[in-house]
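Hello,

Here is the structure I said I would pass on. Please look through it first; my notes follow below.

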Amino acid sequence: MTGAGAAALYPPDRVILRELGLRDGLQLAGSWPRTDAKLAWIAAAHAAGVRRIEAGSFLPPARFPQFADVREVVAAASQLRGAHASVLTLNERAVADALGTSVSEVVTVVSATESHSRANMRRSQSSAIGLVRTARAERDLAGSAFPVVTAAISVAFGCSLDGGVAPDTVLGLVDSCLEAGAEVISVADTVGVAGPRQVGELCRQLLPRLGDVPLVAHLHDTRGTGIANAFAALDAGVRVLDGTIGGLGGCPHAPGATGNVVFEDLVFLCERSGFPTGIDIAGLAPVRSILAAEMPGEPLSGALARAGAPGFIDWKAEEAGSRTPS
């Protein structure tokens, strides 16, 4: 059964969208916002209704200067009413650093292939699962339900280093992560090779296996299937999805891994599909403006940004006709 922290962070009676731009969105970026602009980004996203924000990663600042201010960003996000910050951790030191902050969620990574695990984390799959166990044990020593420990299964649908990934491989890794103490499971199409059928089938296999443990779909739009895959996940029963403003992002250790699902388009998809998000689509425009000003060399994607939200849609009526969560 899921822990109290995970149940509070991801209640199963609603769709929750996580904005990962400050972490995944900056991994491959050649430039990034100044700290005060990051804080403005968080404030604008929060004003629009975003409540789950990945604030960065605990990595060596000399190699990853875009995350040097992660503690300040976490502190700012955690102070916003109803907001929850998460961080990515790839080793024991990062876990310890994260536990010393006000984060609500610590995300560890377990790659679905051995080659990606060693390229991304410089450790084996079994060692990566051991990090899940370490994070959970150290969190439990504090006697708190937070931060929640999440295991993210990367390259879950295929890997540009090792090729195809069988669903049974992912299912086995998920079982191992749960045994190690993971309280939330995320499956990632890191290199954007999945189609709706693959996403729907894997999610339908995972959800009964997980019971009340939340399942997150982390999808990339590398080959244009991201938004279709997001709907397939929703249709299968997933209620937590990731995206980034403008579709920024990608994994630096998986060749060809570019572009997350565009967060604005994901909000529109959910709202038009009968899954209210509590996010004001128009309110996301100031966030995008901050990115355009601070990262002028980084292309921003998004169908909604190009075409706009239809002004004739009665959003209140849409919400009144929303689906009942499965």
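Which residues of α10 are buried? They are F263, E264, D265, L266, V267, L269, C270 and E271. Keep in mind that this is a predicted model. Helix α10 covers residues 263–272, and eight of its ten residues are buried, so the rest of the structure largely encloses this helix. After α10 comes G274, which has a positive phi, near 90°.

Next, the barrel. Eight strands form a closed barrel in the order β1-β2-β3-β4-β5-β6-β7-β8, and the pairing is parallel. From one strand to the next, the twist averages 30°. Helix α6, residues 125–141, packs on the sheet and touches β3 (84–89), β4 (105–111) and β5 (148–154). The direction of α6 makes about 165° with that of β4.

Strand β7 (residues 215–219) and strand β8 (residues 240–243) run parallel and are joined by two bridges. Opposite A217 stands L241 in β8.

Last, a single side chain to find. R118 is in helix α5, which spans residues 114–121. Is R118 buried, partly exposed or exposed? Its relative accessibility is 48%, and the cut-off for exposed is over 50%, so R118 counts as partly exposed. Leaving aside residues up to four places away in sequence, R118 touches R123 and S124. A128 is ten residues from R118 along the chain, and the C-alpha atoms of the two are separated by 9.6 Å.

Regards

How values were computed: Residues are numbered from 1 along each chain as its sequence is written. This is a predicted model: local features need pLDDT of at least 70, side-chain atom pairs count only at pLDDT 80 or more; totals for chains, interfaces and linings use all residues. Side-chain values use heavy atoms; hydrogens and water are left out. Two strands pair if DSSP finds at least two bridges between them. Helices (H or I, at least four residues) and strands (E, at least two) are DSSP runs, numbered from the N terminus. Axes are lines fitted to C-alpha atoms, for helices over the stretch in contact, and angles run from 0 to 180 degrees between N-to-C directions. Contact means heavy atoms within 4.5 Å. Buried means under 20% relative accessible area, exposed over 50%, partly exposed in between (1.4 Å probe, protein chains only).
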